Amino acid sequence: MKILPLLFMFLIPSGLCSQNIEGDWYGTLTVGYQSLRLRFTINSGFDGKLSGTMDSFDQSAMGIPLDTVTFGNNLLRFVLNSISFEFKGIPVSDSIKGVIRQFNQTFPLDLTRKRADWLSRPQEPVKPYGYKSEDIKFTNVKENFILSGTLTMPQGEGPFPAIVLVSGSGPQNRDEEIMGHKPFLVLSDFLTKMGFAVLRYDDRGTGESEGNFDKSTTYDLLSDAEAAFDYLKGREDINGDKIGIAGHSEGGIIATLMADSRKETAFVVLLAAPMIKGSDLIILQQEMIARGSGVPEEDISDYRSLNQSIMELIDQEKEAADTIKLREMISAMIISATSGTANESISMAHAKQYTTPWMLFFLRFNPATALREVKVPILAIYGSKDLQVPSRVNKEAFNKNVIPSNKNVSVFEIEGLNHLLQEAETGLPKEYFSISHTISHKALNVIGEWLKDKIM
């Protein structure tokens, strides 16, 4: 995700050892009346080379890769070229005293390891958990690379029923960390205490997992979930007849495909999972978020018309092998629709977003069709304030396509929940961070009661 321009809109109208510079560093950048809450995460590769990401919570800009991270001579430095951003700091005890330099202006920024009060997440479990937690690795045999994850196990000998957790769109770590929340950490804690073994893993190319995320489609990511499933099947402490899959958002699409590709899948849990064609979902999602953000209806109508034209073109050209030509056609369409307001570089940047392998697959795919032949128990949960996967139309599509062929299905629309299944005021993505709880107890209770009834 590219950092939002708003991040630096004010520009427009005792030491630490190298081996423990890694981890999360928190700070608040204050300029005039504007404060931005930031987190920098520093990692070290197998070769010892440092890398890192920046999160700007107030901008909903998360996981922004830093271009340069160095630490030497007691000086920490990182750079983000796209916004001409440079930080330099000197470690002092468990903090870093530093400054940010951008466009020839300098601002103080001190960082600390202590998790900031504004990042309070009361649902996150704290060690010792009261159950077993094991960091594991398993192989995607189909593409020959290693995935890394965490397996939590109830106390006792087993064999235990088990659940594979599959994250939503974009490269996610094993906790599905987003906007300062760790939904899969909270969910795995809840499910493990219920008596399930739970496997959650870093997406390919993310965290400690190998592989290339940028070139992957949803079908490619399915093979990662299958590898996790097969890993559990090979463990004696897991009940191989009771392994299910739970997917959030796009992870729900993968879960539906998994139930079809692995017939031994015992059950499926869908959390805010799309059930309409991807192109229709994107148009609806953009419209609802824009309206909730106060965008004028005339502008919303113009955006909708442009998006519909782009989606129709993408469908018409689905056999075309020349992605570059498709990008050029979309770019020209954007320039024409905006009467030249969007220049070629801007329009081409948008066109590239529409034509990545992942996006082209997503826009053309209807996930509900994958569930028509699935006969195992299915639980689907939607939030009434979800603006990313709007509940009404997706629930209707689920009922229409799935229930006629599978009577062992339960569908819940929970009042007041957003896309992360938090209790929300508006449902807008910018609200996710400010909500202290990670997953509503209403949703957790529905999941728990359904699993007790159907699986345990």
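Is Ala 272 buried or exposed? At 0% relative accessibility, Ala 272 counts as buried, where buried means under 20% relative accessible area, exposed over 50% and partly exposed in between, with a 1.4 Å probe and protein chains only. The model is predicted, so local features need pLDDT of at least 70 and side-chain atom pairs count only at pLDDT 80 or more, while totals for chains, interfaces and linings use all residues. Residues are numbered from 1 along each chain as its sequence is written, and side-chain values use heavy atoms, with hydrogens and water left out.

Ala 272 sits in the loop between E15 and helix H4 (278-292); helices (H or I, at least four residues) and strands (E, at least two) are DSSP runs, numbered from the N terminus. Ala 272 is not a glycine, yet its phi is positive, about 55°.

Strand E15 covers residues 268-271. Val 268 and Leu 270 point one way from E15, Val 269 and Leu 271 point the other way, and all are buried. E15 pairs in the parallel sense with strand E14 (residues 238-248), over four bridges; two strands pair if DSSP finds at least two bridges between them. Within this pairing, His 248 has Leu 271 of E15 as its bridge partner. From E14 the chain crosses through helix H3 (residues 250-261) to E15, in a right-handed β-α-β crossover. Right-handed here means that, with the strands pointing away from the viewer, the path from the first strand over the helix to the second runs clockwise. E15 is also joined by four bridges to strand E16 (residues 378-383), and these two run parallel. Val 269 stands opposite Leu 379 in E16.

The loop between H3 and E15 holds Thr 265, which counts as buried at 2% relative accessibility. A polar atom of the Thr 265 side chain lies 2.7 Å from the backbone oxygen of Arg 262. Contact means heavy atoms within 4.5 Å. Leaving aside neighbours within four places in sequence, Thr 265 is in contact with residues including Phe 229, Ile 243, Met 258 and Val 376.

**Nonpolar cores**

A nonpolar core is a set of buried Ala, Val, Leu, Ile, Met, Phe, Trp, Tyr and Cys residues joined through side-chain atoms within 4.5 Å. In soluble globular proteins, nonpolar side chains tend to be buried together. The largest core in this model has 71 residues. Those with the most contacts inside it are Phe 138, Leu 232, Leu 270, Met 275, Ile 330, Ile 378 and Phe 398. Helix H2 (residues 218-233) supplies the largest share of this core, eight residues. A second, separate core of 27 residues includes Ile 163, Ile 414, Leu 417 and Val 446. Apart from neighbours within four places in sequence, Met 275 is in contact with residues including Thr 256, Leu 270, Pro 367, Tyr 382 and Phe 398.

**A buried asparagine**

Asn 140 belongs to strand E10 (residues 132-140). Why does Asn 140 count as buried? Asn 140 counts as buried because its relative accessible area is 0%. Its side chain makes a polar contact of 2.9 Å with the side chain of Ser 223. A polar contact is a pair of N or O atoms within 3.5 Å; within protein, one must be able to donate a hydrogen and the other to accept it, and residues adjacent in sequence count only if both atoms are side-chain atoms. The Asn 140 side chain also reaches the backbone nitrogen of Lys 142, at 3.1 Å.

**Aromatic pairs**

Rings of Phe, Tyr and Trp (its six-membered ring) pair if their centres lie within 6.5 Å; planes under 30 degrees apart count as stacked, over 60 as edge-to-face and the rest as tilted. The count by this rule is 14 aromatic pairs. Two of the stacked pairs are tabulated here.

| Pair | Centre to centre | Angle between planes |
|---|---|---|
| Tyr 129 and Tyr 131 | 5.2 Å | 15° |
| Phe 361 and Phe 365 | 5.1 Å | 20° |

Tyr 131 is buried at 9% relative accessibility, as are Phe 361 at 18% and Phe 365 at 14%. One aromatic cluster is formed by Phe 40, Phe 78, Phe 85 and Phe 87.

**Backbone features in loops**

A cis peptide bond, with omega about -5°, joins Lys 127 and Pro 128. Pro 128 is in the loop between strand E9 (105-112) and E10. The bond from Gly 158 to Pro 159 is cis, with omega near 5°. Asn 73 has a positive phi, near 55°, and at 83% relative accessibility it counts as exposed.
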